[in-house]
Amino acid sequence: MVEQKEPALLVWMDGEEIKGRWTLSRPVTTIGRWEGNDVVVDDRWVSRAHARIRREGERYLVEDLGSKNGTFVNGRRITGPTLLADGDVVQVTPLVKMTFVDYGSTAPLPGEAPAPGLELDLAARQVRVRGRLLSPPLSHAQFTLLALLAEQPGRVYSRDEVIAAVWPDDQAEGISDEAIDALVRRIRLRLRELDPGREYLVTVRGYGFKLEPG
């Protein structure tokens, strides 16, 4: 007889605080605004019966129940039953992010010390996300920008500061906002390869960019 692993969790995080934790041990776990749901999210954005998570053996599938505003996994609106993987972020409202935590994974569980979100090795020009090495490495321009923002996490760096750091002085003239935005976008895409549920690079409209390393 094959021993069934422990059920997965759904964890509602607000910054570093755990605001809710639900064990997905039942065949169906319902999510919605109505108090009869297993996971109650009291938000006008959320429908009374919004979504459900089905447990099929060791698989978990999330499904929207015809809600008005939709259900999202890793920022994408789902259109049918969607298989969940460890670390996926489920949203039924933009302000509430619930992370699917698979007990069969090697990721740290809630209550354990997590691996640092983003780590830079300046000497080796390597990046680790949640303890995993980003491979292939970032390009020279990508790493230079990330290293600049990592000097003071949370500080907003202007576009002029970005240009001065990433492009040599003799090339700085004529660097467009579109070129900077494209560089930031490529970095975000690379980091999402290892942590799709989090944005480390934040654009501050009208000024520049900052790093939230997690």
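Colleague: How far apart should the ends of α1 be, and which distance do its end C-alpha atoms show?
Modeller: Keep in mind that this is a predicted model. Helix α1 has twelve residues, and at 1.5 Å a residue they should span 16 Å. That agrees with the model, where the end C-alpha atoms are apart by 17 Å.

Colleague: What is the orientation of α1 relative to α4?
Modeller: Take α1 as residues 140-151 and α4 as residues 177-192; their axes come within 10 Å and cross at roughly 90 degrees. Angles of 65 to 115 degrees count as roughly perpendicular. So α1 relative to α4 is roughly perpendicular.

Colleague: How many residues of the contact of α1 with α4 are nonpolar?
Modeller: From α1 come Ala141, Gln142, Leu145 and Leu146, and from α4 come Leu183, Val184, Arg186 and Ile187. One residue of this contact is polar and one is charged, and the nonpolar ones number six.

Colleague: Which residue in β17 is the bridge partner of Val202?
Modeller: Look at β16, residues 201-204, which pairs with β17 in the antiparallel sense over four bridges. Within that pairing, Val202 has as its partner in β17 Lys210.

Colleague: Which residue in the turn of the β16 and β17 hairpin has a positive phi?
Modeller: The hairpin leaves three residues between the two strands. With a phi of about 80 degrees, the residue in that turn is Gly206.

Technical notes:
Residues numbered from 1 in each chain as written. Predicted model: local features only at pLDDT ≥ 70, side-chain atom pairs only at ≥ 80, totals over all residues. Heavy atoms only, no water. Axes fitted to C-alpha atoms, helices over the stretch in contact; angles between N-to-C directions. Parallel < 35°, antiparallel > 145°, perpendicular 65-115°, else oblique. Contact = heavy atoms within 4.5 Å. Nonpolar A, V, L, I, M, F, W, Y, C, P; charged D, E, K, R; others polar. Expected span 1.5 Å × (residues − 1). Pairing = 2+ DSSP bridges.
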